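Colleague: Could you walk me through this one before I set anything up?
Modeller: Happy to; have a look at it here.

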Amino acid sequence: MISEKPKKQKDKSLKTQAETLQERILKNEEKQYTTLNLGPTHPATHGIFQNILTMDGEYIVHSEPTVGYIHRAFEKLGEKLAYHQIRVLTDRLNYCSSPINNMGWDMTVEKLLGIEIPKRVQYMRVIIMELARIADHLICNSVIGVDTGAMTGFLYVFQWREKIYDIYESICGARLTTNIGRIGGFERDWSEKTWQLIREFVNGFPEAFREFSNLLERNKIFMDRTIGAGAISAEDALSYGFTGPNLRATGVDYDVRVAHPYSSYDEFEFIIPVGTSGDTYDRFMVRQEEVWQSLSIIEQALKKLDALEDKTTFHADNPYYYLPNKEDVYNDMESLIYQFKMIMGETKIPKGEVYHCVEGANGELGFYIISDGGRSPYRVHFRRPCFIYYQAYPDMIKGSLLSDAIITMSSMNVIAGELDA
Amino acid sequence: MQTQELLENIKTDLTQQFGDVVISAELPYNFPTFVIKHEKIHDVLKYLKESEKWNFFFLTDLTAVQTEDLKHLGVIYHLHNMITNYRIRIKTFFGIDKPEVPTVTDLWKTANWMEREAYDFFGVIFKGHPNLKRIMNPEEMDIFPFRKEYPVEDLTREDKDDTMFGR
């Protein structure tokens with residue numbers, strides 16, 4: 001008797017609690033929120049991000065992003081390494097388009113040292129940077145397709161990304177983390193095979209890409225899924241420091257290639273595509289058009305290279321900062337001295353501070369160096385576009401469906417390596 | 001407007017508006033750079049952003065640095081006016097014992113994570129920041145790893161001698 005009595009009471013109180021809660025929910029007095037961990041290693045986030053979402057049913061009420069899972073302290077490492085060694089670190093920022101990072105770094109150091117780059121090298125750099133932009137945009141746009149359920153386009157364009165990687169490979173031997181180029185140019189002249197691969201790509205890619213565009217651009221299902229998802233206004237985008245395709249999708253025509261031309265971009269004819277509403281579909285379309293523009297820039301660069309009289313220069317004449325050929329090091333006194341000085345860090349580096357930015361595949365990629373004249377920089381800072389615009393993500397997905405949040409993230413082109421540095 | 005002219009115009013304008021706040025104005029690599037007194041940094045940035053004359057509405061970058069005497073920390077702002085395409089760099093320095101500077105999150109939303117990063121690595125305390133906690137490092141960490149007192153190499157290593165070259 002005694003043992004039964006409290007049990008009954010407990011049951012009763014639980015029941016009444018549940019009833020009152022249900023009543024309150026029905027009366028909308030108290031909402032029940034669910035906490036959902038999206039990530040850190042979720043297949044839909046394409047990288048290591050964690051988002052702690054507070055959900056009301058299928059709608060996101062609040063989200064709290066956590067970053068830093070693959071933080072490698074590049075800026076601190078840069079204070080120990082020589083200038084030509086830091087290029088290797090920049091590979092690991094946005095690893096979908098590492099050549100842009102490599103060349104951005106090289107150009108920053110060239111600005112610090114005051115090196116003039118020959119026209120031929122500038123055009124060659126433009127070709128590589130635009131190929132990298134195409135590769136990056138292909139990944140981003142095809143992954144939006146995957147996240148909306150269209151796997152075909154992804155597999156189809158990856159074949160062409162593979163061909164871009166073959167071009168990198170024939171120039172520098174590496175595919176993903178390229179470490180392409182040197183301070184002052186390239187390590188060796190491009191082979192006949194490289195030129196042939198580039199021409200094959202320029203001739204074959206448009207047809208394949210047109211098919212990819214036909215698959216998605218005016219696809220009713222795709223448009224219904226992406227239009228209006230993850231929209232942001234131009235004012236907010238500017239306040240959040242957006243750059244690159246994400247900013248252009250909101251209607252601001254800011255492109256570093258035009259605003260601060262580097263590597264002879266002022267000689268090329270291209271348009272800056274802009275969107276209107278800043279939603280996922282606009283970001284997708286801006287990237288689609290940029291691929292066409294990049295392709296046209298490559299064609300123009302090839303024409304300009306053909307018109308150049310100079311057919312052999314592949315680096316600037318700066319023996320103090322450009323590693324000599326290994327053969328010369330063994331047979332030529334001066335080359336040996338230059339090699340020794342560079343490796344041992346005896347080369348004079350001017351004191352000063354320099355900021356240089358390039359149009360990375362996902363925004364303004366800036367490099368800020370403070371040099372105290374030593375072998376390695378006193379302080380080096382990377383302006384990583386991902387890190388800066390990813391903080392707008394909680395605002396962009398507030399009140400939207402979970403499935404929209406997924407495609408918003410993939411359309412923002414957030415790369416974990418760049419986010420965490 | 002040439003950068004030299006821009007440098008001088010901004011300097012005279014800031015001196016007129018706020019008195020003696022500009023410690024130095026230089027032009028390294030053709031990039032106008034100002035060192036501002038840290039007491040007035042928020043007012044100066046607010047003025048540069050909101051006045052119609054300058055309209056530097058885009059915060060490109062915010063980062064921190066430790067000076068070579070190791071006794072001061074600095075915050076470096078890169079501002080950009082996309083319409084006229086002018087860029088300027090604003091620097092401010094303060095003692096490492098009291099590393100406090102007002103936040104600019106009220107001016108630019110993007111300053112939020114940039115300031116958290118500067119706090120995480122250098123220990124700069126941004127007064128008025130809505131959520132000033134570590135961003136890259138674990139929260140239980142009790143040092144500020146980018147300060148010069150923490151070298152990259154492990155000091156206890158004996159197999160490597162860096163006295164001949166390098167840092």
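Colleague: Which conventions apply?
Modeller: This is a predicted model, so local features need pLDDT of at least 70 and side-chain atom pairs count only at pLDDT 80 or more, while totals for chains, interfaces and linings use all residues. Residues are numbered from 1 along each chain as its sequence is written, chains are lettered from A and ligands numbered from 1 in the order in which they are written, and side-chain values use heavy atoms, with hydrogens and water left out.

Colleague: How many salt bridges over all chains?
Modeller: The search of the whole structure finds 29, where a salt bridge is a side-chain nitrogen of Lys or Arg within 4 Å of a carboxyl oxygen of Asp or Glu. Lys148(B) pairs with Glu79(A), with the closest N and O atoms 3.0 Å apart. That pair crosses between chains, from the segment after β7 (125-127) of chain B to the loop between α2 (74-78) and α3 (83-91) of chain A; helices (H or I, at least four residues) and strands (E, at least two) are DSSP runs, numbered from the N terminus.

Colleague: Is Glu79(A) buried or exposed?
Modeller: Glu79(A) is buried, with a relative accessible area of 7%, whereas Lys148(B) is partly exposed at 27%. Buried means under 20% relative accessible area, exposed over 50%, and partly exposed in between (1.4 Å probe, protein chains only).

Colleague: And what does Glu364(A) meet in a salt bridge?
Modeller: Glu364(A) meets Arg87(B), at 3.2 Å from N to O, and this pair also crosses between chains, from strand β5 (residues 363-371) of chain A to strand β5 (residues 86-95) of chain B. Glu364(A) is buried at 0% relative accessible area, and Arg87(B) counts as buried at 9%. Elsewhere, salt bridges that share partners join Glu130(A), Arg133(A), Arg248(A), Asp255(A), Arg257(A), Glu290(A) and Glu359(A) into one network.

Colleague: Which side chain of opposite charge is nearest to Arg283(A)?
Modeller: That is Asp279(A), 6.7 Å away, and Arg283(A) is buried yet has no salt bridge; in this count Lys and Arg are positive and Asp and Glu negative, with His and the chain ends not counted. Arg283(A) sits in helix α12 (residues 280-307) of chain A, and the residues it touches include Asn246(A), Thr408(A) and Ser411(A), contact being heavy atoms within 4.5 Å.

Colleague: What about the surface: which residues form a nonpolar patch?
Modeller: Met333(A), Leu336(A) and Ile337(A) do, with about 290 Å² of accessible area together. Patches are made of residues with over 30% relative accessible area and no salt bridge, like charges being joined within 9 Å and nonpolar side chains (Val, Leu, Ile, Met, Phe, Trp, Tyr) within 5 Å; accessible areas come from the Shrake-Rupley method with a 1.4 Å probe, and for residues only the protein chains shown count as cover. Met333(A) itself counts as exposed, at 58% relative accessibility.

Definitions and conventions
Lists of a residue's contacts leave out its neighbours within four places in sequence.
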